[in-house]
Amino acid sequence: GTLVPFADKPEKASPDREILRLLRNLSRQSCVVIVSGRDKDTLSRWFGENFNLSAEHGAWIKEAKGLWIKAEELNADWKKQLRPIFELFTDRVPGSFTEEKEFSLVWHYRRADPVWGTIRANELIDTLRALTASTELQVIQGSKTVEVKDARVNKGRVIIYWLSKAKWDFILAMGDDWTDEEMFKVLPDEAYTIKIGFTPSKAKFCIKSHLEARNLLHRMVQATDKKQIESISVVTI
């Protein structure tokens, strides 16, 4: 959604060679942070050791060439109670599937009938919110997904961690999802925040698609080749 198009399965939305080359070039000139809802093993496989990464919306943090650390002490015992609910909706909607991460559960329905999938997604959200109302869990409706995770973990909190690492001259943050709104909300006023797509957002600017996002980063690389600055670029996927 941000740098690559959507795919019917999460693992297919991997960065291509052009994107990896672009991010490597950008990281030579600034601090690049990739914040994602993907699990840490997937991010390690996609990006290797040379990028600053945050997995599962900020549950895990890894500085370049460092080790993965937990952002919070989280308990995942709640998955035992909610997993049967996810499996029930998976059985009821052909084409849907449940993804289990270390600290979250996600129901995907991109491959399901769009009308039927949306109806069942709303039912699942209502069911999960009723079950988690008095807990620290959060129900998130994403792009053709429904996710449950610990409310203490979000992209806003993990961005505060990265912002504390230095006094940045320039900050750019891009994202396409509802979960990115927490990030946009905590960034300082001087930051450039960009929403991919035209849905309502706390971001200052919006652009049409991942293709425009890639073009913008490419132009940034060309510009910073001429002038070195202390900067941080945050990309969420």
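## Fold and aromatic pairs of a predicted chain

The protein chain exposes about 11,900 Å², and carbon and sulfur atoms supply 52% of it. Areas follow the Shrake-Rupley method with a 1.4 Å probe; for residues, only the protein chains shown count as cover. This is a predicted model: local features need pLDDT of at least 70, side-chain atom pairs count only at pLDDT 80 or more, and totals for chains, interfaces and linings use all residues. Residues are numbered from 1 along each chain as its sequence is written, and side-chain values use heavy atoms, with hydrogens and water left out.

**Overall build.** The protein chain has seven helices and twelve strands. These are DSSP runs numbered from the N terminus (helices H or I, at least four residues; strands E, at least two). Of the 237 residues, 51% count as buried. Buried means under 20% relative accessible area, exposed over 50%, partly exposed in between (1.4 Å probe, protein chains only). The C-alpha trace spans about 55 × 35 × 35 Å along its principal axes.

Four strands form an open, antiparallel sheet in the order 5-6-8-7. Strands pair if DSSP finds at least two bridges between them. Strand 5 (97-100) and strand 7 (137-141) each have a single partner strand, so one side of each is left without a neighbour in the sheet. Neighbouring strands are turned by 15° against each other on average, direction ignored. Axes are lines fitted to C-alpha atoms, for helices over the stretch in contact; angles run from 0 to 180 degrees between N-to-C directions. Five bridges join strand 7 to strand 8 (residues 145-150). Q138 stands opposite K149 in strand 8.

**Helices across it.** Helix 3 (residues 79-92) lies across strands 5, 6, 7 and 8, at about 5° to strand 6 (104-108). Helix 4 (residues 114-132) lies across strands 6, 7 and 8, at about 165° to strand 7. Contact here means heavy atoms within 4.5 Å.

**Aromatic pairs.** The whole structure holds eight aromatic pairs. Rings of Phe, Tyr and Trp (its six-membered ring) pair if their centres lie within 6.5 Å; planes under 30 degrees apart count as stacked, over 60 as edge-to-face and the rest as tilted. Two of the pairs are tabulated.

| Pair | Centre to centre | Plane angle | Class |
|---|---|---|---|
| F89 and W107 | 6.3 Å | 75° | edge-to-face |
| Y192 and F205 | 6.3 Å | 15° | stacked |

F89 lies in helix 3 and W107 in strand 6, so their pair ties together parts 18 residues apart in sequence. F89 counts as buried at 4% relative accessibility; W107 is buried at 0%. Y192 is partly exposed at 43% relative accessibility, and F205 is partly exposed at 43%. Ring pairs also link W46, F47 and F51 into a cluster.
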